[in-house]
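Hi everyone, thanks for coming.

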Amino acid sequence: MTRTTRLLSLVAGVALAAFAGSAQAQIKERNIRVSNGINEDHPVGNGVAKMKACMAEKSGGKLKLQAFWGGALGGDLQATQALRAGTQEMVITSSSPLVGIMPELGVFDLPFLFTDEKEADAVLDGAFGKYIADKLPGFGVVNLAYWENGFRNLTNSKRAVTKAEEMTGLKVRVMQNNIFLDSFKTMGANATPMAFGEVFAALETHAIDGQENPLVTIDTSKLYEVQKYLTLTRHAYTPFLVLYSKKLWDQLSAEEQTILGDCAIVGRDEERKVSRELNDKSLANLKAKGMQVSQVGADELAKMRDSTQAVYQRHQATIGKDTIERIQADLAKLRGK
Ligand code: TK8
């Protein structure tokens, strides 16, 4: 090294240290509360643990994430309203109960929209996911990432269901969402909307016969204790939104926002990985716990899919024609059509 290069590298080093110092100064001690309706042993627990560690590392221990499980801070909708009011920082919520707040979110409730996780990832992490996320601040929340809830399946306590006809008359809880309500009514069920936190008790007291959720939720929320029959319908894939209060977000420094955004992605990758690994294990566990599992044949599944196509039409005006066409165009591209 010549004297000048040595001097230059010294100057650069000092500048870098000063920059890092000022970035640290932009990070305050914060306790960020995040709530969920599911239990900690759900893959969201793995995602939150990773996100938490990432935040601690990048903030020198200043940004703390405090998680509340099992609906301890209220259900999805209630917690989201707290975010909008600026009284809670974060929630990991299903998109479905939020359609009353932002109708375009209903696009994810359309029956049989995605065929597999790969499609869902590509759409959610791509331009369409951004298109939806860009609209959310207008409703008082910022979406940091899409995590996995998973493909949903039907359970009930009355009978094995292998075709749509066998759903007739079953009293099935759906999320608070008109599209789900319509899909299940169209398939013949007696659908009723309800918050997730009330589902277990409603099943236990036989106020309702059934519900629908991904396998990992049926497993980790112990719904097998109150449900005998499981039908692998995979009728919808609705994502989890990782939301931050817009009011409180605006009080964060750019550095803090970057850390949260980056760490939500780190959490997402872990959560999706665990969710997919756990899916098969959950199915085995549900069988071991005594649930009777039914497959739906390809013909019957096609019938269900066809009958629910009318749901797309009926909710087009509410969700927005442009929004539906956008996602369908992206899916067609992914499918090589
Ligand atoms: C948990 C919910 C749940 C969802 C539902 O808060 O309501 O059925 O699938 O996982 O978000």
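**Around the ligand**

Let's begin with arginine 173: one of its polar side-chain atoms lies 2.8 Å from an oxygen atom of the ligand. Before going on, please keep in mind that this is a predicted model.

Asparagine 213 also reaches the ligand, with a polar side-chain atom 2.6 Å from a ligand oxygen. With glycine 37, the backbone takes part: a backbone N or O atom lies 3.2 Å from an oxygen atom of the ligand. How much of the ligand's accessible area does the protein cover? On its own the ligand has 300 Å² of accessible area, and the protein covers 98% of that.

So where does the ligand sit? You will find the ligand in the largest pocket. The residues surrounding the ligand include Ile38, Asp76, Ser94, Asn149 and Arg152, as well as Met175, Phe196 and Phe240. Sorted by class, this shell has four nonpolar, four polar and three charged residues.

Now for salt bridges. Side chains of opposite charge can pair when their charged atoms come close. How many salt bridges does the structure hold? The count is 20.

Notes. Residues are numbered from 1 along each chain as its sequence is written. This is a predicted model: local features need pLDDT of at least 70, side-chain atom pairs count only at pLDDT 80 or more; totals for chains, interfaces and linings use all residues. Side-chain values use heavy atoms; hydrogens and water are left out. A residue is near a molecule or strand if one of its heavy atoms lies within 4 Å of it. A polar contact is a pair of N or O atoms within 3.5 Å; within protein, one must be able to donate a hydrogen and the other to accept it, and residues adjacent in sequence count only if both atoms are side-chain atoms. Accessible areas come from the Shrake-Rupley method with a 1.4 Å probe; for residues, only the protein chains shown count as cover. On a 1 Å grid over the protein atoms alone, a cavity is a set of points where a 1.4 Å probe fits but cannot get out, and a pocket is an open set with protein on both sides within 12 Å along at least five of seven lines; lining residues have an atom within 4 Å of a point. A molecule sits in a cavity or pocket if more than half of its atoms lie within 2 Å of its grid points. Ala, Val, Leu, Ile, Met, Phe, Trp, Tyr, Cys and Pro count as nonpolar, Asp, Glu, Lys and Arg as charged, and the others, Gly among them, as polar. A salt bridge is a side-chain nitrogen of Lys or Arg within 4 Å of a carboxyl oxygen of Asp or Glu.
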